[in-house]
Amino acid sequence: AVSGPGIGLAAAIDRLASRSIEHGGDDGRGRHRLRWLDWNGEELFRLALTEQSNWSCFRARLVWQWSQRAGPRPVCAGTDDSLLAAVSRQPAARFDWCASSPTDAWHRPYSDAHLQVACRQGRLIDPTLVAPFLEVIADQAGGLRVLLGNGGVLFQHEADFYTFRVADGRVRMRGSTGSFELQQDAVTHVCVVHAAAEAGMQRHIQLFDDRRRCVATLAAPLA
């Protein structure tokens with residue numbers, strides 16, 4: 001787990017089967033990327049250089065060796081619950097300022113019963129209310145914490161979003177340090193949850209897809 005000002009990242013190592021380094025055909029730093037893949041060959045996480053990055057850091061021999069496929073490894077036999085428990089035990093995995101437990105936002109299928117349990121401290125609301133809510137946040141240049149998970153990696157970032165637009169069925173927001181994109185018709189369930197925190201009771205919003213997987217958790221800034 002890694003945490004910093006306004007950012008948190010937690011990864012389940014057993015979900016990361018291989019890595020690769022890609023170099024673009026020109027001098028664009030964004031074309032130089034590190035990619036992590038799961039056991040199905042699907043991308044779990046990606047890092048790219050920026051204009052402020054050390055231009056040679058991805059060419060270091062140590063990084064090149066690290067990215068190579070190693071010898072045979074056993075396929076992870078642990079359950080999602082055991083992995084989540086291991087991640088949640090890491091103090092840094094809570095990011096110190098997260099209103100929701102990492103297990104609440106992990107990208108895994110829920111049954112209807114489990115979804116109801118997940119929302120036991122809140123209530124289900126109409127998914128069409130999410131877009132106008134986010135538009136209000138952007139109109140007021142408000143801060144928002146976004147927690148995303150994909151089954152192997154959890155990422156949380158706090159930013160002040162000041163632009164909002166809808167195009168091709170997707171909500172797109174941009175802020176000072178990040179951007180957020182949401183496919184509206186992929187969100188089938190939305191739950192407002194009340195969670196206990198050091199500063200008192202806090203609310204966060206969980207967005208689920210048609211497989212009852214939590215695709216994003218939204219919360220107010222720490223302040």
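This is a predicted model: local features need pLDDT of at least 70, side-chain atom pairs count only at pLDDT 80 or more; totals for chains, interfaces and linings use all residues.
Residues are numbered from 1 along each chain as its sequence is written. Local features need pLDDT of at least 70 and side-chain atom pairs 80 or more, totals for chains, interfaces and linings use all residues, and side-chain values use heavy atoms, with hydrogens and water left out.

View 1. A pocket is an open set of points on a 1 Å grid over the protein atoms alone, where a 1.4 Å probe fits, with protein on both sides within 12 Å along at least five of seven lines; its volume is the space filled by probe spheres set on the points, joined across faces, edges and corners. Of the 19 lining residues, E43, L44, F45, R46 and N150 sit nearest the centre; lining means having an atom within 4 Å of a point.

**View 2. Strands around the largest pocket.** Strands are DSSP runs of E, at least two residues, numbered from the N terminus. β5 gives the largest share, 5 residues.

**View 3. The second largest pocket and its centre.** This one holds about 440 Å³ of space. Its lining runs to 17 residues, with L148, F180, E181, L182 and V215 nearest the centre.

**View 4. Strands around the second largest pocket.** β7 and β8 turn up here, along with β10 (179-183) and β13 (214-219), each supplying at least two lining residues. β10 gives the most, with 5 residues.

Key. Helices (H or I, at least four residues) and strands (E, at least two) are DSSP runs, numbered from the N terminus.
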